[in-house]
Amino acid sequence: MYGFEMIDIHLWEELFSQKLRKENEPISQGHKNLAAAIQKVTEDLFLTLARHTKEITYSENLCLSGGCALNCAAMGKIKDSGLFSTVFVPFAPGNDGCAIGAAIALYGLLDKSVTFEPVSPYL
């Protein structure tokens with residue numbers, strides 16, 4: 001399959017027994033149910049990964065990055081679980097943060113005496 005779609009719509013519709021909603025169509029209860037189910041699975045997976053991380057690191061601090069770290073509800077579940085004293089998600093956890101991280105890393109390589117303060121999104 002070629003194009004800009006990340007999924008095969010026909011397979012998606014068959015798997016979830018839910019037709020793709022057209023742009024101006026109302027959101028059905030089936031759409032809402034599917035969204036809620038996917039969110040619940042996402043939160044459960046994040047909590048499982050967080051528990052495993054705690055088991056292997058014994059750390060009191062957790063820093064999450066990547067586009068999924070923008071899922072505030074899932075991050076809230078991790079925070080509320082009490083597994084970690086600190087749960088941190090940077091302001092640009094997805095691909096947009098790569099440039100910031102690369103700049104900080106290079107700066108640190110060039111000047112070994114650098115100490116890093118939290119980076120501002122307005123920098």
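Leaving aside neighbours within four places in sequence, H31 is in contact with Q18, K19, R21 and P26. The model is a predicted one. One of these partners also makes a polar contact: the side chains of H31 and Q18 are joined at 3.2 Å. H31 itself lies in helix 2.

Helix 2 covers residues 29-57, a run of 29 residues.

At its start, a side-chain oxygen of S28 comes to within 3.3 Å of the backbone nitrogen of G30. Just after the helix, Y58 adopts a positive phi of about 60 degrees.

The buried residues of helix 2 are H31, L34, E43, F46, L47, A50 and K54. H31 is therefore a buried residue, with under 20% relative accessible area. The buried residues of this helix pack against two others, helix 1 (9-16) and helix 3 (72-81).

Helix 4 presents a contrasting topic: the surface. This helix spans residues 96-110 and includes L109. L109 has a relative accessibility of 57%; the cut-off for exposed is over 50%, so L109 counts as exposed. Together with L106 and L110, L109 makes a nonpolar surface patch of about 350 Å².

Note on methods: Residues are numbered from 1 along each chain as its sequence is written. This is a predicted model: local features need pLDDT of at least 70, side-chain atom pairs count only at pLDDT 80 or more; totals for chains, interfaces and linings use all residues. Side-chain values use heavy atoms; hydrogens and water are left out. Patches are made of residues with over 30% relative accessible area and no salt bridge: like charges are joined within 9 Å, nonpolar side chains (Val, Leu, Ile, Met, Phe, Trp, Tyr) within 5 Å. Accessible areas come from the Shrake-Rupley method with a 1.4 Å probe; for residues, only the protein chains shown count as cover. A salt bridge is a side-chain nitrogen of Lys or Arg within 4 Å of a carboxyl oxygen of Asp or Glu. Helices (H or I, at least four residues) and strands (E, at least two) are DSSP runs, numbered from the N terminus. Buried means under 20% relative accessible area, exposed over 50%, partly exposed in between (1.4 Å probe, protein chains only). The expected span of a helix is 1.5 Å times one less than its number of residues. Contact means heavy atoms within 4.5 Å. A polar contact is a pair of N or O atoms within 3.5 Å; within protein, one must be able to donate a hydrogen and the other to accept it, and residues adjacent in sequence count only if both atoms are side-chain atoms.
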